[in-house]
Amino acid sequence: MVAQESVDLAALRVGDELPRLVTEAVSCQTLALYADASGNHDPRYIDSSQARKAGLHDVITPGMLVAAYLGRALTAVVPQLALRSLTVRFAGVTQVGDTLDCCATVIERLEDQGEPLLRLKLRVTNAWGDLKLDGEALVALAATAPAAGRRRSTQAQTKKMPQV
Amino acid sequence: MPAFNGGVNYLDAMIDHSHIGRMLPSHSARVEKGRLRFFATAIGETDPVYFDEAAAQAAGYPALPAPPTFAFCLDMEQSRPLGWLEDMGVDLGRILHGEQSFTYHAMIHAGDVLNFSSRVADVYENKGGALDFVIKETRVTTGDAALVAELRSVIIVRND
């Protein structure tokens, strides 16, 4: 059982880092559980021989599991009700055995339609510092649901995909 | 073809831009309590709010909440979740999930019945056609048509 860490969002300044989440090492069991829970049984995630046929060294971790870990890192600190948006870009393949370090840093304090928000820069790296995922989140300082009629466009906060 | 890109002709692989704006078949899914607990376990969640209804209610939620990325899984809950890409001529062995966005308008809880309505928002190429990008946007609404979330997926297709 993990209590919500008490972070006073209103006191955070640009450059401040939220408490990190470092996951257990990803195991084959982790991948099997997530395949069932997510409903995605892509063989590259659960079957080594199929993964090798697809040209991979071994099974790989679905990017959406890494995104879910990042979601955990956020909701451990920010009530989920205050999460306004989450954007992730999949930057590298996560292997079995990787531990993932999920980090969120305040990059902007802003207001949208009168609501004070923090813009967070998100990064997930393994123990070697290899980038697996980066992205952005907007969180409201007040832990309340978005006002009705609010229409933040998803497109507006996502940048054009960088050159791969 | 002139060898502007090293002699490789990607034109045949390019996705027809006439797909831009195409609506995909909508579908609905019920948010099951047991599934939420299983999902929370699978992602290593330990916060009782995601497992215990009393804890969820104490935190102000009417029922168990769905973690931030869960709506993506429910959107894939279709007989051919990527069939729309195949119908566009995309080889599913060549796709990568490039990017995923969620915009939240309301929390999703156990017991909700959600409707997923998607469209092909954009198709474009880069690197002289070596990569195609397909953008899918999805509106998630409840039975009374209230918008709860918007999803945006960037799918990369390797043509090399």
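Start with the lining of the largest pocket, whose residues divide into 25 nonpolar, 10 polar and seven charged, where Ala, Val, Leu, Ile, Met, Phe, Trp, Tyr, Cys and Pro count as nonpolar, Asp, Glu, Lys and Arg as charged, and the others, Gly among them, as polar. About 1,100 Å³ of space lies in this pocket, a volume being the space filled by probe spheres set on grid points that are joined across faces, edges and corners. A pocket is here an open set of points, on a 1 Å grid over the protein atoms alone, where a 1.4 Å probe fits and which has protein on both sides within 12 Å along at least five of seven lines; lining residues have an atom within 4 Å of a point. To centre the view, select Arg44(A), Tyr45(A), Ile95(B), Leu96(B) and His97(B), which are the closest to the pocket's centre of the 42 residues that line it.

Before going on, note that this is a predicted model, in which local features need pLDDT of at least 70 and side-chain atom pairs count only at pLDDT 80 or more, while totals for chains, interfaces and linings use all residues. Residues are numbered from 1 along each chain as its sequence is written, chains are lettered from A and ligands numbered from 1 in the order in which they are written, and side-chain values use heavy atoms, with hydrogens and water left out.

Next, colour chain A by secondary structure, which comes to five helices and five strands, these being DSSP runs numbered from the N terminus (helices: H or I, at least four residues; strands: E, at least two). From the N terminus on, the order of elements in chain A is β-α-α-α-α-β-β-β-β-α.

Now select α4 (63-75) of chain A, one of the elements that give two or more residues to the lining of the largest pocket. This helix α4(A) has 13 residues and reaches 18 Å from its first C-alpha to its last, close to the 18 Å expected at 1.5 Å a residue, the expected span being 1.5 Å times one less than the number of residues. Of the 13 residues of α4(A), 12 are buried, among them Met64(A), Tyr69(A) and Arg72(A); buried means under 20% relative accessible area, exposed over 50% and partly exposed in between, with a 1.4 Å probe and protein chains only.

Show both chains for the contact between them, which takes 43 residues from chain B and 43 residues from chain A, contact meaning heavy atoms within 4.5 Å. The area buried between the two chains is about 3,700 Å², of which carbon and sulfur atoms give 56%; buried area is the accessible area (1.4 Å probe) that two parts lose on being put together, summed over both. On the chain B side, select Ile43(B), Glu99(B) and Tyr104(B), which lose the most area to chain A, together 15% of what that side buries.

Move to strand β4 of chain B, where Ile135(B) lies and is buried, with a relative accessible area of 2%. Leaving out residues up to four places away in sequence, Ile135(B) touches several others, including Val120(B), Tyr124(B) and Val154(B).

Finish at two loops. Gln113(A), in the loop between β3 (101-112) and β4 (115-125) of chain A, has a positive phi of about 50 degrees although it is not a glycine, and counts as exposed at 52% relative accessibility. Ala145(B), in the loop between β4 and β5 of chain B, has a positive phi of about 70 degrees, although it is not a glycine, and is exposed, with a relative accessible area of 58%.
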